[in-house]
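Please walk through this structure with me, one step at a time.

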Amino acid sequence: MQKTDELLFKSIREGDLDAFQSLFDTYYLPLCMYAFGLLKDMESARDITQDVFVTIYESRSSIEIKSSVKAYLHRSVRNACLNHLKSTKVQAWHQVQIASQHSASDDHDSMERAELEARILGEIQKLPAQCRNIFQMNRLEGRKNREIAAELGISIRTVETQISKALKILRKNLGHLMPALLLVTTAA
Amino acid sequence: MSDSSSQPVDTELLVRYFSEETTTRENNVIEQWLNANDQNKKEFNALKLLWEVSSKAKGASSVDVKNDWQKVKNRIGTAPEMRSMPPNTTGKGSVFSRLIKVAAVVTLIVAAYLTWPVLSDFTSTEMITITALTDTSTVILSDGSKIVLNKNSRLIYPEQFDGTTRTVTLKGEAFFDVVGDPSRPFLITSGQATTEVVGTSFSVNAGIKNKVLVTVVTGKVLLYSEGNQEKKLSLVPGEQGLLKNGLQLSKTVNEDINFLSWKTGTLIFQNTSIDEVIRDLNKYYNKSLKISSSALKSCTLTATFKQQSFEDVLTELQLVLPIQVQNNERNIILTGVGCK
């Protein structure tokens with residue numbers, strides 16, 4: 001996978017926008033989630049991640065990538081987040097402290113985790129509408145199945161069926177990722 | 001109930017359990033099932049993990065990758081993408097011929113239920129598998145050839161090409177931009193179909209049951225089945241080759257100007273019948289749009305949609321055609337009295 005990124009970056013250096021979009025599509029969401037983890041604010045996380053991509057594209061011919069493209073992106077977003085925290089509030093200073101104390105391997109794991117979470121999110125988006133809606137009400141909004149049933153005017157049984165349908169689809173489509181996911185989660 | 005080890009997992013019960021809404025009796029059932037064997041435990045852990053991780057995606061659901069890409073693209077303010085289709089102006093033919101000039105593209109749509117061929121040809125070099133799930137993905141091969149994979153597609157290729165051919169395996173749909181090398185033909189295997197190119201660009205889709213469809217824009221492509229390599233269908237720009245059930249080869253003229261829309265993000269309709277419009281929209285947006293009555297079949301559409309959201313497209317449809325959109329649980333229905 002990394003090999004491919006490196007080849008992709010070769011094309012980006014030559015100004016290939018398709019290749020750049022491909023890099024963006026692969027890493028934008030995980031990087032936003034990673035930045036969100038540091039900043040606790042998705043708006044800033046998105047802005048900062050976009051800034052990083054713009055900067056990278058503009059300096060594409062001079063950038064030296066020593067490790068991997070992914071690590072480079074990850075480090076750039078991390079530094080940008082820390083700078084942002086420093087520049088905003090004094091109260092945020094402790095967050096910077098905490099964030100910069102993370103070891104490199106912790107950090108690697110958190111990026112891996114963000115990537116996997118982004119993949120799961122992608123699959124959730126693809127669920128059938130009704131099924132996705134109910135699943136998200138439970139998982140993202142933390143609502144009780146009873147409350148969901150009352151709001152939608154359906155039985156609890158139906159709510160449970162829809163949620164279990166969502167889980168089954170995710171399990172089926174993400175099965176190949178499970179070993180990686182288990183590894184990252186237990187390591188965290 | 002006595003032998004819980006042989007029972008399949010009751011996901012609904014597990015959902016109640018994860019939601020902390022089970023009774024003590026139900027907890028016991030789960031515990032029994034869980035302790036029955038390791039396979040059950042594995043299954044339980046996998047589902048629990050999905051359950052937990054899916055609640056963490058909270059902030060991310062507000063991230064619109066497509067929209068944010070547009071923002072980034074505007075900021076870097078470069079020239080338009082080389083391969084994006086020009087906005088439509090005149091007739092079908094001119095869009096098509098311009099596309100040929102701009103792109104030098106051969107599209108190859110391969111559709112088949114595929115069993116993975118044994119890749120014994122290139123054991124000496126490491127095989128790489130790329131799977132594009134929710135979005136397209138670009139891959140550059142060691143010879144410099146560029147491949148754009150459509151969603152839900154997979155490509156297997158060697159890290160290095162050695163030997164007398166360059167062979168890759170595709171499941172799903174992809175666009176190939178092959179670097180010319182007459183001494184090493186480029187072969188794409190998809191199920192029983194083999195597509196051979198000497199050097200050009202093209203796109204492959206292996207998604208429809210028992211069908212392999214090859215559409216050529218420029219260059220020359222040979223299509224043949226694994227079972228009969230003597231009979232090769234030669235395809236030139238504008239032509240489309242079809243391999244059915246791994247045996248029947250046939251050739252037609254490509255009339256679908258939207259065959260690359262998954263890659264360009266552009267859908268072009270020119271006096272196009274509503275049936276075809278719906279077919280293309282459903283394919284591009286992965287929806288199931290339907291018309292309520294045959295009266296609507298009298299409607300045609302002329303419009304270009306460039307990287308627009310499905311909702312925008314529906315709004316636009318309602319503005320330009322005398323139709324209304326109705327959402328029900330499963331389908332989106334277009335209603336109206338027709339255009340006559």
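In this predicted model, helix α2 of chain A, residues 17-39, meets helix α4 of chain B, residues 65-76. Their axes come within 11 Å. They cross at roughly 130 degrees. An angle over 145 degrees would count as roughly antiparallel, and 65 to 115 as roughly perpendicular. The two helices, α2(A) and α4(B), are therefore oblique to each other. The crossing of α2(A) past α4(B) is right-handed.

Which residues make this meeting? From α2(A) come Gln21(A), Phe24(A), Asp25(A), Tyr28(A) and Leu29(A). From α4(B) come Val65(B), Asp68(B), Trp69(B) and Val72(B). Sorted by class, the contact of α2(A) with α4(B) holds six nonpolar residues, one polar residue and two charged ones.

Now step back to the whole boundary between the chains. Here 52 residues of chain A are in contact with 45 residues of chain B. Several helices of chain A give two or more residues to the side that touches chain B, among them α1 (2-13), α3 (42-58), α6 (104-125) and α9 (156-174). Helix α2(A) gives the most to that side, with 13 residues. By class, the side of chain A that touches chain B has 26 nonpolar, 13 polar and 13 charged residues.

Next, look at chain A by itself. Its secondary structure comes to 10 helices and zero strands. Of its 188 residues, 41% are buried. Take the contacts in chain A with a separation of 6 or more: residues 24 or more positions apart account for 64% of them.

Last, turn to the interior. In soluble globular proteins, nonpolar side chains tend to be buried together. In this model, the largest nonpolar core has 89 residues. The residues with the most contacts inside this core are Cys32(A), Ala35(A), Val77(A) and Ile147(B). Helix α2(A) returns here: the largest share of the core, 16 residues, comes from α2(A).

What does Ile147(B) touch, leaving out residues up to four places away in sequence? Its partners are Val139(B), Leu141(B), Leu155(B), Ala174(B), Phe175(B) and Phe176(B). There is also a second, separate core, with 15 residues. It includes Ile257(B), Leu267(B), Cys299(B) and Phe305(B).

How values were computed. Residues numbered from 1 in each chain as written. Chains lettered and ligands numbered in written order. Predicted model: local features only at pLDDT ≥ 70, side-chain atom pairs only at ≥ 80, totals over all residues. Axes fitted to C-alpha atoms, helices over the stretch in contact; angles between N-to-C directions. Helix = DSSP H or I, 4+ residues; strand = E, 2+ residues; numbered from the N terminus. Parallel < 35°, antiparallel > 145°, perpendicular 65-115°, else oblique. Left-handed = near helix turned anticlockwise from the far one by under 90°. Contact = placed C-beta atoms within 7 Å. Nonpolar A, V, L, I, M, F, W, Y, C, P; charged D, E, K, R; others polar. Core = buried A, V, L, I, M, F, W, Y, C linked by C-beta atoms within 7 Å. Buried ≥ 20, exposed ≤ 12 C-beta atoms within 10 Å, placed from the backbone.
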